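Here are my notes on this one, as numbered points. Have a look at the model first, then read on.

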Amino acid sequence: MTSLVDFTLNANDEIITVGHDWDQFALENGAPELTGQQIMGQPLLDFVTGKVTRQFVLALLHFVRYQQQSIQLHYRCDSANIRRFMLMSVSPQDSGNVHFLHKLLGTEPRQRSVYIATAIQRGQDTTVRCSMCNLVKSKQAWVEPDQLQSGNSRQSSELLVIYGICETCATLLESYDTSQSISKKPDSRFLSSNRKNDTYVEPVE
Ligand SMILES: [Zn+2]
């Protein structure tokens, strides 16, 4: 499995480089339309789903450019059968360019498969999925999608989602506004279960 992908945006938020294992990652995830050649020159926001998530990405870019500070955010990039624990490092460059490096820190299998489909708009049958931690909203709580009750719990399930940012992830950027620490110890959403009791060690670039 690929473990490192990166890309650079110009000052207009258009993709101007992709690197490391980008193409392999796109192909492994069944998205040949997203290989480097296809997306070069395109605005990043064209590939970001959900108004709230787009606002989050814009706030992230604004912060990195105007503070001239690199930040690191933990997030999840789950598939139907595995949880993927990721770290995103976002760094300012010359001329308003911004560099993104995405690193795979670890994976673990789900208890059961959850197939996610993106709804065109919010409806009675849609659930909100957080673009950062990949938890889904169930009533007032955010839970792992395989914890949602739906029929036989041993079988796989399918969820129709719209994308947003949960209340906890929405504060990820605020923590940078108030402290100089470049990285925080991630909470349990971003640690695989076999690492939750470990002393967290920041991965080395
Ligand atoms: Zn979240």
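1. Start with helix 3, where Thr53, Phe56, Leu61 and Val64 are buried (20 or more other C-beta atoms within 10 Å of the residue's own; exposed is 12 or fewer, partly exposed is in between, and C-beta atoms are placed from the backbone). These four sit on the same side of helix 3, because they cover an arc of only 135 degrees around the axis, taken from the directions from the helix axis to the C-beta atoms. Exposed Lys51, His62, Tyr66 and Gln67 are on the face turned away from that buried side.

2. A word on ground rules. This is a predicted model, in which local features need pLDDT of at least 70 and side-chain atom pairs count only at pLDDT 80 or more, while totals for chains, interfaces and linings use all residues. Residues are numbered from 1 along each chain as its sequence is written. Helices (H or I, at least four residues) and strands (E, at least two) are DSSP runs, numbered from the N terminus.

3. Helix 3 takes in residues 51-67, 17 residues in total, and its first and last C-alpha are 24 Å apart, close to the expected 24 Å (1.5 Å times one less than its number of residues). Just past its end, Gln68 has a positive phi of about 50 degrees.

4. What do the buried residues of helix 3 pack against? Strand 3 (71-76), strand 4 (82-92), strand 5 (98-109) and strand 10 (157-164), with contact meaning C-beta atoms, placed from the backbone, within 7 Å.

5. Now the sheet: five strands, open, in the order 2-1-5-4-3, with antiparallel pairing (a pair needs at least two DSSP bridges). Strand 2 (15-20) and strand 3 are the edges, each with a single partner strand, so one side of each has no neighbour in the sheet. On average, neighbouring strands are turned by 20 degrees against each other, direction ignored. Helix 3 packs on this sheet, touching strand 3, strand 4 and strand 5, and its direction makes about 40 degrees with that of strand 4; axes are lines fitted to C-alpha atoms, for helices over the stretch in contact, and angles run from 0 to 180 degrees between N-to-C directions.

6. Six bridges pair strand 1 with strand 5 in the antiparallel sense, with His102 as the bridge partner of Val5. On the strand 2 side there are five antiparallel bridges, and Thr8 is partnered by Thr17. The hairpin of strand 1 and strand 2 has five residues between the strands, and Asp13 takes a positive phi near 65 degrees there.

7. Tyr75, in strand 3, is worth a click. Tyr75 counts as buried because it has 20 C-beta neighbours inside 10 Å. Met86 in strand 4 stands opposite Tyr75, and residues up to four places away in sequence aside, Tyr75 touches Met86, Met88, Met132 and Cys133.

8. Which residues touch the most other members of the largest nonpolar core? Of its 17 residues, they are Cys130, Met132, Cys133, Ile165, Cys166 and Cys169 (a core being buried Ala, Val, Leu, Ile, Met, Phe, Trp, Tyr and Cys residues joined through C-beta atoms within 7 Å). Strand 3, strand 4 and strand 10 each give two or more residues to this core. Apart from it lies another core, of six residues, including Val5, Phe7, Trp22 and Phe25.

Definitions and conventions. Contact = placed C-beta atoms within 7 Å.
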